[in-house]
Amino acid sequence: MFNDLKAQAKRLGSSTLYEASGLPCAVDSRIRPIWDGAFIAAPAFPLQCSPGDNLALHLAMERAPRGSVLVVATGNFIAGYWGEVLTVAAEAAGVVGLVIDGGVRDVVALRARGFPVFARGVSVQGTVKASAPSVGQPFNFNGAAVAQGDLVVADDDGVIIIPQAHIGRTLAEGEARAQKEAQMMQALEQGHSTLELMQLTAWRTPA
C-alpha cells in the first residue's frame with residue numbers, strides 16, 4: 001500500500017502537493033538534494049542534534065520504524081553529520097532517506113548507493129557523539145512542523161512535510177490539481193493563452 005502512495009507522490013511532485021495542501025508545509029528551499037534525481041516519499045522520524053554532534057542519528061538507527069525518512073535538525077550547523085557508514089547502517093535498519101538542515105559527506109558513495117539525501121551543505125568536518133536533544137519528538141523544522149508519521153515528500157523542487165491528518169486530503173486534491181493543469185496545458189497547445197485560461201484578460205494592454 002505504501003508503494004502505491006510513494007508512486008502517487010512521485011508522479012504528483014512536491015510543488016503540486018504543496019499547492020494542494022493549503023498548508024505551511026514547505027521546508028527552507030536551501031535544503032537541496034545532494035545528487036540529481038533524489039526522491040523521498042516516506043513517513044517522518046524527527047530528531048534533533050546538537051551543533052557538531054551526531055549521537056542522535058546513531059540512536060535513531062535503533063528507534064526509527066522501518067520505511068522512515070529521518071528529518072534532522074542541527075541548528076543549521078554545517079558539518080559531516082552523515083556519511084557512508086551511517087548510510088549502510090540506515091539501509092540495514094530500513095531507513096529510506098535523510099533530510100537534514102546541516103551537512104553531510106561521502107557524497108560519491110551516497111550517490112553510488114542511490115540513498116536519497118537532502119541537506120543544507122556538504123562538509124568534510126567530523127562530529128562528536130556527546131548529546132542527543134531529542135529523538136522521535138515533534139518540532140518545527142525550518143518552516144514546517146514535523147512529527148513522527150507525517151509524510152515527507154522531497155524531490156528536485158524541494159521538501160514538504162504533510163501532517164498525518166492531512167495526507168489523504170492532500171493527495172486527493174493533488175490529483176484534482178494535476179488533472180486541471182493537464183487540461184490547461186492541452187488548451188495551451190491548442191493556441192489558448194494563459195491570460196484567457198487563468199481569467200487574467202483584464203491585464204491585457206489595450207491595442
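**Reading the core and its strands: a tutorial**

Mentor: Welcome! Let's begin with strand E3, residues 69-73: five of its five residues are buried, so E3 is largely enclosed by the rest of the structure. Keep in mind that this is a predicted model.

Trainee: Thanks! Which residues point one way from E3, and which point the other way?

Mentor: Val69, Val71 and Ala73 point one way, Leu70 and Val72 point the other way, and all are buried.

Trainee: What joins E3 to strands E2 and E4?

Mentor: Bridges do. Strand E2 (residues 40-48) runs parallel to E3, and five bridges join them. Across that pairing, Phe45 stands opposite Leu70 in E3. Strand E4 (residues 97-104) also runs parallel to E3, joined by four bridges, and there Val71 stands opposite Val99 in E4.

Trainee: How does the chain cross from E3 to E4?

Mentor: The chain passes through helix H3 (residues 84-93), in a β-α-β crossover that is right-handed. A right-handed β-α-β unit is also made by E2, helix H2 (residues 55-63) and E3.

Trainee: Now the core. What is the general idea there?

Mentor: In soluble globular proteins, nonpolar side chains tend to be buried together. In this model, the largest nonpolar core has 47 residues, and the members that touch the most others are Leu57, Leu70, Trp82, Leu98 and Phe141.

Trainee: Which residues is Leu98 in contact with, leaving aside its neighbours within four places in sequence?

Mentor: The list runs to Ile40, Leu57, Val69, Leu70, Val72, Trp82, Val104, Phe115, Pro116, Val117 and Phe118. There is also a second, separate core of 12 residues, with Leu12, Cys25, Ala41 and Ile162 among them.

Trainee: How many aromatic pairs does the structure hold?

Mentor: Two. In one, Trp82 and Phe115 are stacked, 5.8 Å centre to centre with 20° between the planes. This pair links distant parts of the chain, 33 residues apart: Trp82 lies in the loop between E3 and H3, while Phe115 lies in the loop between helix H4 (107-113) and strand E5 (117-122). The other pair is Phe139 and Phe141, whose ring centres are 6.4 Å apart and whose planes are at 70°, so this pair is edge-to-face.

Trainee: One last feature, the backbone. How should I read phi?

Mentor: Most residues other than glycine have a negative phi. Here, Asp106 has a positive phi near 60°. Asp106 is placed in the loop between E4 and H4, and is partly exposed, with a relative accessible area of 37%.

Trainee: What is the phi of Gln199, and where is this residue placed?

Mentor: Gln199 is not a glycine, yet its phi is positive, at about 55°. Look for Gln199 in the segment after helix H6 (194-197), where this residue is exposed, with a relative accessible area of 73%.

Notes:
Residues numbered from 1 in each chain as written. Predicted model: local features only at pLDDT ≥ 70, side-chain atom pairs only at ≥ 80, totals over all residues. Heavy atoms only, no water. Core = buried A, V, L, I, M, F, W, Y, C linked by side-chain atoms within 4.5 Å. Buried < 20%, exposed > 50% of the residue type's maximum accessible area, 1.4 Å probe, protein only. Contact = heavy atoms within 4.5 Å. Helix = DSSP H or I, 4+ residues; strand = E, 2+ residues; numbered from the N terminus. Pairing = 2+ DSSP bridges. Right-handed = clockwise from strand over helix to strand, strands pointing away. Phe/Tyr/Trp six-rings, centres within 6.5 Å; stacked < 30°, edge-to-face > 60°.
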